[in-house]
Amino acid sequence: MNELRDILSQGAQMSLVLGLAPLLTGFVRKVKARLLRRRGPPLLQPYRDLIRLMRKDVVLADNASWLFRVIPYLIFAGTWVAASLVPTFGNGLLFSWTADLIAITALLGSARFFQALAGMDVGTAFGGIGSSREVMIASLAEPAMLITAFSVAMIAGSTQLPTVAEFMGSDAVGLRVSLGMAFVALTIVALAENARIPIDNPATHLELTMVHEAMVLEYSGRHLALIDLSSQLKLLLYVSLIACVFLPWGTATADASVARLALGALVYLGKLTVLGFVLAVFETAIAKMRVFRIPEFLGAALMLALLATLLRFVSGSL
Amino acid sequence: MIAVALWSVAALLALAPAGVVLSMRPRGSIILYGACLIATSTLCVTALSDLLFFPHLTPSATLPIGLPWLGAHFRLDALSAFFLVVVNLGGAAASLFALGYFRHEDSPGRVLPFYPAYLAAMNVVVLANDAFSFLVAWEFMSLTSWAMVVSHHREAENVRAGYVYLLMASFGTLALLLAFGLLASDAGYDFDAIRASHPSAALSGVVVILVLLGAGSKAGLVPLHAWLPLAHPAAPSHVSALMSGVMTKVAVYGFVRIVFDLVPEPVWWWSMVVLLVGGPTATLGVLYALMQRDIKRVLAYSTIENIGIIFTGLGLALAFKAEGLDWVAALAFTAAMLHVFNHALFKSLLFFGAGAVLGATGERDMEKLGGLIHRMPKTAFATLVGCVAISALPPFNGFVSEWLTFQAILLSPQLPSWGLKLVIPAVGGLLALAAAFAAACFVKLYGISFLGRPRSDVAASAHETDRFSLTAMFALAAFCLIAGILPGLFIDALAPVSKDMVGNIMPHQVGLQWLTIVPIAESRSSYNGLLVFLFVALCGTTAATAIHRFASDRLRRAPAWDCGYPDADPAIQYSASSFSQPIRRVFGSVIFRAREIGEMPPPSSPLPARLQVELHDLIWDGLYAPIAKAIGFATDRINILQFLSIRRYLTLVFVALVVLLLVVAL
């Protein structure tokens with residue numbers, strides 16, 4: 001009976017993240033539009049876009065290889081698996097021990113590796129510019145993410161997200177300097193990883209300012225739909241991650257009842273709304289950076305994360 | 001067991017003179033590489049069965065060769081067995097690859113005699129149980145590989161590489177010779193006697209530093225790495241694979257054997273030195289790799305990175321062992337050994353891929369390649385596996401060993417010493433940076449050489465490589481995947497090695513639910529490569545099937561969109577140098593003092609605009625160049641002694657004699 005519930009819970013989590021991801025993106029877009037005093041697209045527009053794209057023919061560049069056609073599925077699968085391993089509404093996921101925080105980071109790294117390769121497959125200048133900038137951003141964002149994971153793991157004594165979430169929800173934590181630094185670092189990394197302002201602009205199609213969009217320029221139809229869906233999943237993943245580590249309240253425990261799980265789901269939706277709203281406000285308030293200012297911004301995240309880890313080494317209570 | 005191993009080594013040695021004869025026959029290369037394949041496979045199977053089934057037996061043998069009063073001692077314990085597996089797996093793969101690759105070699109006589117001797121020498125280093133045999137084999141290994149580095153001796157670059165290599169190899173052997181001299185001062189050359197002796201802590205410290213210099217220069221630790229990116233690419237590709245994938249591991253073996261086995265209990269500051277060298281080696285090595293455009297040189301620099309990761313693991317193991325936390329030491333040590341194995345696999349694979357490309361196009365310069373995935377699909381697939389594995393991405397093997405190293409770093413706040421508490425987080429940061437750079441580096445290597453459109457005619461007319469080479473590559477790629485999804489098997493196989501060297505083992509892994517690996521406790525950290533692989537495969541295929549079935553499976557081919565610029569020349573694609581430009585600007589301006597000089601002709605001029613990039617190797621400029629200059633200066637001064645008259649020579653001899661007698665008298 002328990003196993004059945006665990007499997008159902010894991011399945012629910014997988015479909016939940018997949019189903020909610022476009023909604024979160026739609027919500028952020030809507031809020032941004034309202035802040036700019038525009039009406040904005042309807043909340044459900046991302047779903048319609050995805051369905052429309054799925055049904056269209058794929059127009060493939062003459063020179064595209066088999067790898068170009070496989071990569072969207074690889075990116076989607078990698079991101080989806082990573083997203084379903086982050087606790088959302090409940091903590092007792094059946095397969096949560098499959099990958100810890102470091103492995104989730106690396107799984108996203110795999111997705112990015114293939115995405116950058118896809119940018120170079122057709123052999124256009126724009127694909128190359130996107131890939132080359134993406135790996136530059138990643139070369140700072142990924143270490144910052146890993147070191148943030150170190151500092152969080154050292155505080156919680158575990159790299160397993162359920163254990164971390166449980167620890168962060170307990171009274172043993174209190175206010176810690178290192179946690180604050182880790183939070184800022186993780187936020188900056190999340191902005192970079194999701195190609196948000198001020199690192200990249202998800203809405204741009206001005207060639208020289210785009211990074212993520214340049215890499216996927218040659219994609220169309222179902223391939224593009226999968227890549228868009230993966231980006232949406234990634235946004236949801238990072239928002240859930242921040243919620244799970246820094247706002248762990250209300251998450252259902254491993255042996256919770258169905259009602260408790262439902263409450264957990266409601267709380268989770270609330271967290272998504274709040275964080276999505278904050279993201280939209282932040283993006284509206286700030287301008288995009290020049291490409292070569294990004295390293296300074298991300299370098300700050302890296303240093304903060306390192307400082308948080310060092311503080312943890314120096315004193316157990318900071 | 002040891003008899004089989006020694007007979008196989010003897011067979012390899014006997015093949016060396018046979019190589020001279022065989023190199024004159026048309027099918028000689030096939031016979032020689034086939035024989036090497038059989039001998040190395042035998043050795044590999046022997047060592048593996050020893051490691052798996054009789055890890056607690058340490059058979060030894062003494063042969064009446066070498067020093068007359070000492071003889072040559074050999075011993076096969078768990079550590080030797082593990083490194084024998086690494087050496088001979090790499091050796092077998094290289095021999096299999098060479099069965100097809102030999103066709104691209106114009107003067108086989110310059111490679112064939114040295115190849116089996118080189119394999120034999122590496123095996124003897126690992127088997128040796130006395131300092132004399134160890135050093136002779138070590139030097140033999142250097143010399144035979146040097147001979148193959150200069151096999152294409154008409155290229156000035158290779159001759160220079162050979163010269164630098166020979167100098168650095170002599171330096172390394174000198175350092176090891178001194179180390180053994182210190183250890184042997186009261187015990188003799190036999191390793192068993194050295195183990196039983198009790199040198200003082202100060203003496204052991206000096207020995208450790210000397211070994212770090214000696215083995216480190218062979219392994220390619222920064223700043224002793226200068227020869228490696230010159231010499232490894234210069235050799236024929238299967239030899240490059242052996243040098244990078246295997247010989248650097250023999251150097252790691254030398255370090256482990258002396259520092260963990262022969263020298264008594266470690267002191268914490270040793271680990272500090274090793275960590276301070278290992279961490280920067282990892283990051284600098286891969287940053288250098290990112291700046292290169294020669295495929296084989298990228299791979300050689302990336303070897304330096306991986307050696308840095310291995311030495312970081314060893315440094316952590318030393319630190320924990322010194323502080324008595326031997327269960328964490330076992331974790332760090334196992335991580336390092338697993339990375340030794342993994343790196344041997346994927347680096348050999350990548351060098352084979354580079355060799356296949358070199359054979360098909362004659363080019364090592366990435367900026368003349370491109371689009372090879374269309375013309376060499378199988379090579380491209382195997383190389384892709386290697387690139388993903390070396391970038392430490394799940395579900396392949398490179399990730400497992402890095403993950404274990406990170407887990408050991410996360411346990412280091414338990415160390416009492418303050419120096420280590422400050423150094424280890426910094427080293428962890430450097431490793432994280434290295435991992436991200438490695439991914440960037442291999443996106444570049446693969447994207448520029450295999451993807452895109454061909455940048456030259458040779459790349460456009462390349463053909464798939466032969467079956468033997470492909471078999472070798474696919475076998476290694478399969479090992480990379482297996483070691484990535486079933487790491488528990490490999491961790492358990494390493495248990496006896498870890499038991500011998502650090503006195504403890506990691507928890508038993510096989511038999512855990514779903515073959516998960518759990519280094520300490522499940523609540524702390526766990527990783528399951530198998531499930532990650534299955535989940536990703538399942539999600540990917542489900543998505544593909546569902547979309548093709550219910551949405552659309554239609555596909556049209558059309559010219560590339562490229563924001564509406566049609567029919568662009570292949571030359572406007574990103575090149576290797578332009579791909580790394582952002583990273584060069586961010587990191588290179590300090591580390592390489594990189595400068596870009598743009599020459600823009602006036603608007604009406606038909607001259608092309610030029611962009612020149614200046615990179616400085618600060619280690620070469622700051623360390624090697626001054627030494628070379630000082631030696632040059634001194635020899636210039638002494639040179640006058642060559643042109644003296646007989647009268648002055650006699651005076652010189654007389655003065656020297658008087659001074660000597662005075663010294664003796666006083």
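Mentor: Two residues are in contact if their C-beta atoms, placed from the backbone, lie within 7 Å. Keep in mind that this model is predicted.

Trainee: How many residues does the contact take from chain A and from chain B?
Mentor: Apply that cut-off to the two chains. Chain B gives 71 residues to the contact, and chain A gives 75.

Trainee: Which element gives the most to the side of chain A that touches chain B?
Mentor: Several elements supply at least two residues each, including α3 (66-85), α4 (101-121) and α5 (125-156) of chain A. One of them gives 18 residues, the most to this side: α5(A).

Trainee: How many nonpolar residues does that side of chain A have?
Mentor: Sort the side by class. It has 12 charged and 19 polar residues. The nonpolar count is 44.

Trainee: Which residue is the bridge partner of A:Leu60 in β3(B)?
Mentor: Start with the strands. β1(A) and β3 (residues 555-558) of chain B run parallel, joined by four bridges. In β3(B), A:Leu60 has as its partner B:Arg557.

Trainee: Is B:Ala392 buried or exposed?
Mentor: B:Ala392 sits in the loop between α15 and α16 of chain B. Its phi is positive, about 60°, although it is not a glycine. A residue counts as buried if 20 or more other C-beta atoms lie within 10 Å of its own. B:Ala392 has 29 within 10 Å, so it is buried.

Trainee: Which peptide bond is cis, with omega near 5°?
Mentor: Look at the loop between α15 (377-390) and α16 (397-410) of chain B, where B:Pro395 lies. The cis bond runs from B:Pro394 to B:Pro395.

Terms used. Residues numbered from 1 in each chain as written. Chains lettered and ligands numbered in written order. Predicted model: local features only at pLDDT ≥ 70, side-chain atom pairs only at ≥ 80, totals over all residues. Nonpolar A, V, L, I, M, F, W, Y, C, P; charged D, E, K, R; others polar. Pairing = 2+ DSSP bridges. Buried ≥ 20, exposed ≤ 12 C-beta atoms within 10 Å, placed from the backbone.
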